[in-house]
Amino acid sequence: MDLYGLVGFNILVGIGTIALITVGLGVIYGMMKIINLAHGEFMMLGAYATYVANTHGINIWIAMLIIAPIFVGLVGLVVERCLIRFLYGRMIDTMLATWGLSLGLIGLMTSIFGNDPRGVPTPVGSFSIGHYAASLYGFVIVVVAILALAGFYAMLSLTRYGLIVRATMQNPNMAAALGVAPPTIYMATFALGAALAGLAGGVLAPISGVSPVMGAAFIAKAFITVLGGGAAIVTGTSLASGLFGFIDTFVSFKSTPVIGEVALLLAAVVMIRILPQGITGRFLRRSL
Amino acid sequence: MIFRKLKRADSAGGIWGPVAVVVAGLVLLVGAPMVTGTFGLLQLTVLAALAIFALAQGFIWGFGGILCFGQSAFLGLGGYAYAVGALNMTDTTGAVALAIIVPMLFAALLGYFMFYGRISDAYIGVITLTVSIILFDLFNSTSGDIYHIGQAPLGGFNGIPSVPPLNIPGNPDAQLDTNGLWYAAMGALILCYILLKWILASRFGRVVVAIRENETRAQLLGYDPRLFKLLTFIIGAGISGLAGCLYTNWGAFISPTVFSLTMSAQVIIYVLVGGLGTLIGPILGAVGIQYLINVAGGQHVIDPNLLLGIVLVAFVLLVPQGVVPVIRAGFRRLIPAKQPSTTLAQPVSQEASR
């Protein structure tokens with residue numbers, strides 16, 4: 001019974017982790033149809049921001065929940081202005097450019113901080129499920145993931161900015177004719193996606209450790225989840241995170257984390273054969 | 001899109017360009033061992049292996065229009081297949097065959113799901129990228145005695161050391177030395193170039209290019225784009241596997257880093273810098289970029305990843321069609337009268353693709 005409790009908790013944390021690492025990518029892809037191959041490196045920057053802020057004596061919660069997203073959001077803003085905006089409508093070129101950005105950021109951070117991994121302390125302790133000990137930090141991840149998705153959903157459906165964003169997504173020309181500047185919306189959206197990536201990096205830093213190549217550990221899962229989810233950002237990310245998080249954690253528990261990742265990939269490859277547009281390409285098409 | 005700028009580049013189908021390339025390659029093949037020493041020859045050998053890898057990527061991307069971001073998966077599978085085969089068999093000829101067949105089978109399986117699912121180009125890029133990342137993780141996790149195939153331990157992050165070198169087919173004792181490996185690698189490069197030129201000149205190759213230009217129209221003419229793309233993908237995988245086999249031979253060693261993102265990115269950069277839609281471009285791109293990396297790595301001025309990133313971003317923004325097409329177009333503008341055939345042929349080809 002204890003074991004089931006532990007596995008259930010781990011599956012929950014696995015789903016939360018995948019949702020958290022995917023939501024930033026999903027925002028940028030869902031709204032702008034840009035696949036940001038530097039997503040993992042944005043997360044890496046968030047983790048480094050948390051690490052640097054923490055070593056300078058700033059409270060760890062403030063570092064990971066506020067400083068990391070703001071810093072990476074600003075980086076995203078600069079990247080959009082200097083690179084992405086020249087490439088709108090050229091999807092493949094955007095992917096190549098963000099891949100170049102990804103390599104450049106890895107190289108830059110290696111030059112500054114070196115290759116050795118740094119650590120960020122885990123701010124909360126553990127609790128017990130029967131005989132087993134589980135980290136309370138898992139709850140933090142799940143809560144942050146839920147808050148990020150719910151906050152984004154509320155922003156899209158309740159605020160005026162959300163309305164404008166949805167209008168620009170559906171028909172940029174019509175939105176422009178009604179007085180909205182799509183470039184500004186794209187800029188803000190890209191910065192928002194980057195900030196969410198920074199948040200994910202900051203929150204996951206205590207678990208994963210901080211190193212220039214840490215992004216590669218996450219992006220495979222994030223890409224699979226975005227493709228699996230389809231165009232609707234919140235619904236797609238939630239459903240795909242649930243499905244893939246369950247597969248990943250369950251198979252990892254039965255064998256090893258790497259086999260779990262392979263199972264994830266196999267599930268995704270079979271799924272694109274059945275649902276090429278992702279889950280929300282066929283079901284719940286009108287959701288956000 | 002990049003491809004729109006390419007139509008001119010590959011429609012010029014003179015016979016003399018490829019012949020000149022092959023002759024230059026043969027001169028290099030024979031001449032290099034006379035000019036340079038062992039060290040230089042080893043450097044050239046790895047360049048030849050990487051150039052074959054770049055050819056494969058240039059073929060499926062530049063002509064097939066398939067955006068494979070994880071070509072290193074096939075390089076790595078080829079390398080591992082060779083290492084495992086060579087450690088289990090006395091004659092390495094079978095291992096070479098394995099190095100080509102295993103990636104092709106893998107590509108057939110993966111390609112079936114991708115192309116028959118009719119997913120978009122961007123999705124293909126993401127899926128192939130993901131596959132290479134996961135193969136990297138998978139091979140990294142194979143340390144320990146339980147992970148072995150026959151007599152070959154997979155060795156996890158440390159890889160497989162002391163892989164037996166190539167031998168003359170049918171004679172396991174006649175192992176190739178440095179010179180022999182150079183002849184094999186450079187010979188393979190020339191053969192791959194000729195093979196791809198021949199494929200592109202054939203009916204099959206023309207359909208492949210037609211699908212890249214306009215998939216719907218090709219389909220309406222009765223060609224199945226899914227099948228042609230799948231076959232193109234498989235051919236690319238086989239050639240990448242051969243490159244992996246030679247790459248393994250060069251160091252007598254293979255480790256999971258062949259699957260790394262940097263490897264996949266490098267081959268994309270070779271092709272993009274050299275020129276999409278050409279075959280000589282990727283070869284020159286491989287040589288040029290590797291030279292840059294060696295210089296940067298040797299002097300510790302700039303991190304190689306940073307350098308690759310800057311090159312990639314700069315070319316996407318400024319020279320998206322690559323160096324060779326730009327130079328070719330420049331020559332055509334300089335001496336238009338000397339090539340009446342291409343200028344005459346051009347409007348026809350444009351009409352055909354309109």
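1. A:Met91, A:Ile92 and A:Met95 in helix 4 of chain A meet B:Asp121, B:Ala122 and B:Gly125 in helix 6 of chain B. Contact here requires that the C-beta atoms, placed from the backbone, lie within 7 Å; helices are DSSP runs of H or I with at least four residues, numbered from the N terminus. By class, this contact comprises 4 nonpolar, 1 polar and 1 charged residues (Ala, Val, Leu, Ile, Met, Phe, Trp, Tyr, Cys and Pro count as nonpolar, Asp, Glu, Lys and Arg as charged, and the others, Gly among them, as polar).

2. The model is predicted: local features need pLDDT of at least 70 and side-chain atom pairs count only at pLDDT 80 or more, while totals for chains, interfaces and linings use all residues. Residues are numbered from 1 along each chain as its sequence is written, and chains are lettered from A and ligands numbered from 1 in the order in which they are written.

3. The axes of helix 4 (residues 91-113) of chain A and helix 6 of chain B come within 9 Å and cross at roughly 30°; axes are lines fitted to C-alpha atoms over the stretch in contact, with angles from 0 to 180 degrees between N-to-C directions. The two helices, helix 4 of chain A and helix 6 of chain B, are therefore roughly parallel to each other (angles under 35 degrees).

4. Chain B contributes 39 residues to the contact and chain A contributes 35 residues. On the side of chain B that touches chain A, helix 6 of chain B supplies the largest share, 13 residues. That side of chain B has 29 nonpolar, 6 polar and 4 charged residues.

Technical notes: Two residues are in contact if their C-beta atoms, placed from the backbone, lie within 7 Å. Angles under 35 degrees count as roughly parallel, over 145 as roughly antiparallel, 65 to 115 as roughly perpendicular and the rest as oblique.
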